[in-house]
Each structure stands twice: as C-alpha cells, then as structure tokens.
Amino acid sequence: MLKQRSFWGYIGLCIITFGIYGLVFVYKMTSDINTLTAAESAETSPGLALVLYMFTGGIYPLIWYYQQGQKLYDSGMAKGVAVKEKGSSYLLWIILGAFLIGLGPLIALAKFIKNYNSLVLIYNNKVVTGANA
C-alpha cells in the first residue's frame with residue numbers, strides 16, 4: 001500500500017528539517033508515482049531524479065513537476081480518476097504564479113499532492129481487494 005501525502009505535513013517537515021525533507025519528498029514521490037503509473041508510463045529513477053533535482057540550479061525541479069504531473073494525469077485518464085491538471089498546469093503555476101501571486105509554487109504543490117492522493121486511493125483499494133493495480 002502506498003502512503004498518502006499531506007500538503008501541510010510537507011510544509012511543516014520542510015520547515016523543521018530546513019528543507020531537507022523536500023529532497024526526501026522528491027525521492028519518495030518519484031518511487032511512488034512509478035508504482036502508481038507502472039502500466040501507463042516509463043519508470044523514472046528516484047536516485048537520478050534526486051541528484052538532478054539537487055544539482056541543476058533549479059531547472060530539473062520544473063522538468064520533474066512536468067513529467068510527474070503528466071504521469072499522474074495520464075494514469076488518472078487510464079483509470080477513470082478525475083485528475084484535472086496536466087504537467088503544463090504545474091509549470092504555469094510554478095513559473096507564472098511565482099511572478100503574479102507569489103504563492104503559485106505552493107498552489108502547484110497542493111494540486112500535485114491532491115492528484116497523487118486521488119490515485120493512491122484507487123491503487124490502495126485495488127491492492128486491498130486483490131485486483132491487479
């Protein structure tokens with residue numbers, strides 16, 4: 001079974017750990033999204049994602065949100081789960097929202113976690129009932 005994530009839990013743990021939890025989050029989310037979307041898309045290496053996330057000067061985080069968000073969207077479409085945001089939606093919130101509102105990246109994160117949690121509910125129900133995920 002996969003663990004659901006909390007937006008406020010993420011914020012709190014990032015504050016308490018001085019941002020280190022953000023790196024743990026990227027690793028775990030990449031791994032969990034690989035599990036959720038195994039039937040619909042190619043796997044992304046969590047270790048490579050983490051290294052690129054840390055050492056690309058802020059470029060890879062944009063790519064990561066786009067790719068993982070698109071994987072969630074495609075998986076949601078395949079499974080009949082309402083996932084409204086595509087990968088490009090996260091980019092718009094992160095980039096334009098940072099300039100216009102200042103809260104855009106947080107809104108993108110909240111939407112990302114919400115969509116992830118929607119798919120986790122379906123996945124965990126299938127695991128519990130013994131159906132193929």
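**View 1. Asp-32 and Arg-5 are a buried pair.** Let us start inside this predicted model, where both Asp-32 and Arg-5 are buried. The two residues form a salt bridge, and their closest N and O atoms are 2.7 Å apart. Look for Asp-32 in helix H2, which covers residues 20–36, and for Arg-5 in the segment before helix H1 (7–16). The pair links distant parts of the chain, 27 residues apart.

**View 2. Glu-40 meets Lys-79.** What is the distance between the closest N and O atoms of the salt bridge of Glu-40 with Lys-79? They are 3.7 Å apart. Glu-40 has a relative accessible area of 29%, so it counts as partly exposed. Lys-79 is partly exposed too, because its relative accessibility is 22% and buried means under 20%.

**View 3. Lys-114 reaches Glu-85.** Here the side chains of Lys-114 and Glu-85 meet in a salt bridge, with 4.0 Å from N to O. Find Lys-114 in helix H6 (residues 104–129) and Glu-85 in the loop between H4 and helix H5 (87–100); the two are 29 residues apart in sequence, so the pair ties those parts together. Salt bridges that share partners also bring in Lys-111, joining Glu-85, Lys-111 and Lys-114 into one network. Is Glu-85 buried or exposed? Its relative accessibility is 9%, so Glu-85 counts as buried. Lys-114, by contrast, is partly exposed, with a relative accessible area of 40%.

**View 4. The whole chain puts the close-ups in context.** Stepping back, you can follow six helices and zero strands, running α-α-α-α-α-α from the N terminus on. The C-alpha trace spans about 45 × 30 × 25 Å along its principal axes. A compact globule of 133 residues would have a radius of gyration near 14 Å, and the chain has 15 Å, which agrees. Buried residues make up 38% of the 133 residues. Among contacts between residues at least 6 apart in sequence, 60% join residues at least 24 apart.

**View 5. Surface and charges complete the tour.** The chain exposes about 7300 Å², and carbon and sulfur atoms supply 67% of that area. There are 10 positive and 5 negative charges, and their mean positions are 6 Å apart. How many salt bridges does the chain have? The count comes to four.

How values were computed. Residues numbered from 1 in each chain as written. Predicted model: local features only at pLDDT ≥ 70, side-chain atom pairs only at ≥ 80, totals over all residues. Heavy atoms only, no water. Helix = DSSP H or I, 4+ residues; strand = E, 2+ residues; numbered from the N terminus. Rg over C-alpha atoms; globule rule 2.2 N^0.38 Å. Buried < 20%, exposed > 50% of the residue type's maximum accessible area, 1.4 Å probe, protein only. Contact = heavy atoms within 4.5 Å. Areas by Shrake-Rupley, 256 points an atom, 1.4 Å probe, with all protein chains shown as cover. Lys, Arg positive; Asp, Glu negative; His and termini not counted. Charge placed at Lys NZ, Arg CZ, Asp CG, Glu CD.
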